[in-house]
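Biologist: Can you walk me through this one? I'd like to go from the local details out to the whole chains.

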Amino acid sequence: MIDFSLNCELLRRVLTGFIANGVRKAGFERMVLGLSGGVDSSLSAFLGAEALGPENVWAILMPYRTSSPDSREHADLVVKHLGIQSDVIEITPMVDAYFEQFPDADHVRRGNKMARERMTILFDHSARLKALVLGTSNKTELLLGYGTLYGDMASAINPLGDLYKTQIRKLARHMGVPEVIIRKKPSADLWAGQTDEEELGFTYDEVDRVLYLMVDRRYELPDLVEAGFDERFVRAVFAKVQASQYKRRLPLIAKVSSRTIERDFRYPRDWGK
Amino acid sequence: MSRHTIALAQINPALGDLERNLALHEKSAEEAISRGVHLLVFPELSLTGYFLKDIVSSVALPLTSLFIGRLRDLSRRIDLVVGFVEETPEHLFYNAALYLSKGEIQHVHRKVYLPTYGIFDEQRYLAEGGRIRTFRASIGRSAILICEDMWHPSTALVASLDGMDVLISPSASPGRGGLEEGKGFANARAWETINRAYAQLFTCYVVFANRVGYEDGACFWGGSEVIAPTGEQVAKAAYLDEALLVAEIDHDEVRRARMTNPLLRDEKLEVTMKELERIKREGAR
């Protein structure tokens, strides 16, 4: 049985506790995040504001010249609603300066560059503001590899990484994220008219059900087909998960010593915390 | 006297910091003493934190260590159950819990079942205990079963047949799964079922001390509880928050439960032994 209903109040407590705990363990009191105006980053901002107080949350809006005006408007709505701190840093000059050298670059390269440009700004602001970078990637996109490695996938702590997109929307609604943000079509907004679902080739509603059974409930591929999912769809989803495994791991280290980092030098991240 | 005031310290230990955790123990103990508590139960690995990985050897302590000595001293004023990594003279490391009373170690339980699946990886770092024994405590004949030990009913059955009146379960359970509308973590619900079932089936008190806090993103859910031999809840701590849960247990409740439900009297050790021996002989396990 697939039940994406949520005990939102308990989840809210667990996630705000996670943020407060993670930020303080790292020796910070503030957090910084890239606020796109989409539901994921909006929810992260809501959770952060509740965990740390709005005065300790910095939202950085980083539009590119082709970014949708809606994105900016929705991000402003969140900033105003929460009373969090914000800065707007245009990435157009940096990104365009780079691609002057590569005028033929396709939109994937351009999109990745934008995501990584934003990452460098967030981590610079982490140092500038003494604030921890809060992640906004959800479980669906992490599993599908639908994100830019060292770009939007980069963060210090991520409260959303174990929640499917379907669950993100539910929790966002519970937390009071404006409905216009929850209802709009999800988009990475890396080029005009882009939507996640068109690019992926399926809807989040569909793929979340398959991912939930495959990952959380450990259904094998034949089990999923037997459960009524189209075999080609199931295989396409599995292929994405498999092909993007490298994005969910640290860079591969050639193992030559008697004790290799991560393989048999294993310490918790919260070591001594 | 059949009534005893006990307390469960639902604390948030630091990961791999013995001194900070000892201070936490002393603080809880002082509060418990001021509230007239006789026995204070701490969660699993309360002196070290749970997801230790390679920290294990750095925080391991022999029973003779000065550090344990400080807890022994504290136990002159209040009985304690504390969790730590025990290092034997052979340099084996155990996930262990001590019962300390009157300045002495009254009992050591070494966790028998080391979960090594899902989020858990204990067998990589720790040695398995091989004994399930009850011991005499002032609250009644007791057994300590650490966390995963409780998920194997054979441990509780053995302890029951060995005379257990009070089942003490120090735990470090991270909340996983579930969280559907109106529900808590799936494993928290399972724990609550197990605690009540064991209390009723073995007509004993169940004292479940779980921790709170986060380690590497995992959230320990708390919800420590004391269940009476009737299966009724005597006391319950909040989920997720630190707490000192004080409860009264009454040994006469064990007596009354065993008169109402003489399950222990009727337990057929011979049949169990015979069938277990057959199963072993036939190689089914």
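Biologist: Which strands does H2(A) lie across?
Modeller: This is a predicted model, to start with. In it, H2 of chain A lies across S1 and S2 of chain A. H2(A) runs at about 170 degrees to S1(A).

Biologist: And how many bridges join S1 to S2 of chain A?
Modeller: Four bridges. S1 covers residues 30-34, S2 covers residues 57-61, and the two run parallel.

Biologist: Which residue of S2(A) does A:Leu33 stand opposite?
Modeller: A:Ala59.

Biologist: What is the strand order in the open sheet of chain A?
Modeller: S3-S2-S1-S4, four strands with parallel pairing. S3 (85-88) and S4 (131-133) of chain A are at the edges. Each has a single partner strand, so one side of each has no neighbour in the sheet. From one strand to the next, the twist averages 25 degrees.

Biologist: Switching to H7(A). Which of its residues are buried?
Modeller: H7 spans residues 165-175 of chain A. Its buried residues are A:Lys165, A:Thr166, A:Gln167, A:Ile168, A:Arg169, A:Leu171 and A:Ala172.

Biologist: What covers them?
Modeller: Several helices of chain A are included in the cover. Among them are H1 (8-25), H2 (39-52) and H10 (204-216). H6 (139-144) and H8 (179-183) are also included.

Biologist: What follows H7(A)?
Modeller: A:Gly176. Its phi is positive, near 95 degrees.

Biologist: Where does A:Phe99 lie?
Modeller: In helix H4 of chain A, residues 92-99.

Biologist: Why does A:Phe99 count as partly exposed?
Modeller: Because A:Phe99 has 14 C-beta neighbours inside 10 Å. Being buried takes 20 or more, and being exposed takes 12 or fewer.

Biologist: What is A:Phe99 in contact with, leaving aside neighbours within four places in sequence?
Modeller: A:Ala105 and A:Arg110. A:Arg110 is 11 residues from A:Phe99 along the chain, and their C-alpha atoms are separated by 7.9 Å.

Biologist: Zoom out. How many helices and strands are there in chain A?
Modeller: 12 helices and four strands. Chain A has a radius of gyration of 19 Å, close to the 19 Å from the globule rule for 273 residues, so it is as compact as a globular protein of that length. Its C-alpha trace spans about 50 × 45 × 45 Å along the principal axes.

Biologist: What share of chain A is buried?
Modeller: 39% of its 273 residues. As for contacts in chain A with a separation of 6 or more, 71% are between residues 24 or more positions apart.

Biologist: Now chain B. How many helices and strands are there?
Modeller: Nine helices and 14 strands. Two of the strands, S6(B) and S7(B), form a hairpin with two residues between them. S6 is residues 134-137, S7 is residues 140-144, and four bridges join them in an antiparallel run. B:Ala137 has B:Gly140 in S7(B) as its bridge partner.

Biologist: What is the radius of gyration of chain B?
Modeller: 18 Å. A compact globule of 285 residues would be near 19 Å, which agrees. The C-alpha trace of chain B spans about 50 × 50 × 45 Å along its principal axes. Of the 285 residues, 47% count as buried.

Biologist: Last topic. How many residues of chain A are in contact with chain B?
Modeller: 20 residues of chain A, with 20 residues of chain B. The chain A side divides into nine nonpolar, five polar and six charged residues.

How values were computed
Residues are numbered from 1 along each chain as its sequence is written. Chains are lettered from A and ligands numbered from 1 in the order in which they are written. This is a predicted model: local features need pLDDT of at least 70, side-chain atom pairs count only at pLDDT 80 or more; totals for chains, interfaces and linings use all residues. Two residues are in contact if their C-beta atoms, placed from the backbone, lie within 7 Å. Ala, Val, Leu, Ile, Met, Phe, Trp, Tyr, Cys and Pro count as nonpolar, Asp, Glu, Lys and Arg as charged, and the others, Gly among them, as polar. Two strands pair if DSSP finds at least two bridges between them. Axes are lines fitted to C-alpha atoms, for helices over the stretch in contact, and angles run from 0 to 180 degrees between N-to-C directions. The radius of gyration is taken over C-alpha atoms; the globule rule is 2.2 Å times the number of residues to the power 0.38.
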